[in-house]
Amino acid sequence: MPVRSQKARETAWTGMLFALAIALSYLESLVSPLLGLMPAIKLGLSNIVVMYALLFLRTRTALLLVVLKALFAFLTRGATAGFLSLCGGALSLAVMLVLLQLPVSGYIFCAGSALAHNLGQLAAAAVLLSSAMALGYAPVLLAAGLIVGGISCILSRALFAALPKQAGQQRRGSPFQK
């Protein structure tokens, strides 16, 4: 495929995935209170989009989505939300990259990603507020990360198997390969 058309394809995929991530983020902000979840506990649906980009496209695309999501949070909810999003997303992506090098299950991959996201946000909150306040919330967010990781694993496994292969083949080492 010519370089120009490859770049256009990648840009289109990134734009569509970013729009999907924002829509899923909005959906989970509506659903979370209905489920009785505490503030800051979300289902992590938009992070599945980053996971998809990492597994089917390129690391650079996944990183761009993390940055775009943080920028969107900054523009719509303020600097604190943007900073928390960036720290959580960046640590989550870093952990996913490490886990891709190991023979882990889909659950470990998703739970590790969710736990890293929560830890990144806790670290950011500790910097902005106080470490004691963040540590008090840590057990709740870590337990939530294990549960949300399971939900993400179930959804990811079903979605990745059902999606057409137009984006590309799954990355070697993906815990969702058949």
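Guide: Start with burial. Buried means under 20% relative accessible area, exposed means over 50%, and partly exposed lies in between (1.4 Å probe, protein chains only). Both F160 and F176 are buried. This is a predicted model: local features need pLDDT of at least 70, side-chain atom pairs count only at pLDDT 80 or more, and totals for chains, interfaces and linings use all residues. Residues are numbered from 1 along each chain as its sequence is written, and side-chain values use heavy atoms, with hydrogens and water left out.

Visitor: Why is F160 called buried?

Guide: F160 has a relative accessible area of 2%. The limit is under 20%, so F160 counts as buried. Y52, at 6%, is buried by the same rule. Of the 178 residues of the chain, 41% are buried.

Visitor: What makes C87 partly exposed?

Guide: C87 has a relative accessible area of 23%. That value falls between 20% and 50%, so C87 is partly exposed.

Visitor: Which elements does the chain have, and in what order?

Guide: The chain has six helices and zero strands. From the N terminus on, the order is α-α-α-α-α-α. Helices (H or I, at least four residues) and strands (E, at least two) are DSSP runs, numbered from the N terminus.

Visitor: Why does the radius of gyration agree with a compact globule?

Guide: The rule is 2.2 Å times the number of residues to the power 0.38, with the radius taken over C-alpha atoms. For 178 residues it gives a value near 16 Å; the chain has 16 Å, so the two agree. The C-alpha trace spans about 55 × 35 × 30 Å along its principal axes.

Visitor: What makes Y52 and F160 a tilted pair?

Guide: A search of the whole structure finds seven aromatic pairs. Y52 and F160 form one that is tilted, with 5.8 Å centre to centre and 50° between the planes. Rings of Phe, Tyr and Trp (its six-membered ring) pair if their centres lie within 6.5 Å; planes under 30 degrees apart count as stacked, over 60 as edge-to-face and the rest as tilted. So 5.8 Å makes a pair, and 50° makes it tilted. Y52 sits in helix α2 (residues 45–56) and F160 in helix α6 (residues 131–162), 108 residues apart.

Visitor: Why is the pair of F160 and F176 called edge-to-face?

Guide: Their planes stand at 85°, and their centres are 5.3 Å apart. The angle is over 60, so the label is edge-to-face. F176 lies in the segment after α6. Ring pairs link W13, Y52, F56, F109, F160 and F176 into a cluster.

Visitor: What makes a set of residues a nonpolar core?

Guide: The set holds buried Ala, Val, Leu, Ile, Met, Phe, Trp, Tyr and Cys residues joined through side-chain atoms within 4.5 Å. Of the 26 residues in the largest core, M51, L55, F109, F160 and F176 touch the most other members. Helix α2 gives the most, with ten residues.

Visitor: Which residues does S156 touch?

Guide: Contact means heavy atoms within 4.5 Å. S156 touches I48, M51, C110 and F176, not counting residues up to four places away in sequence. S156 lies in helix α6. At 0% relative accessibility, S156 is buried.
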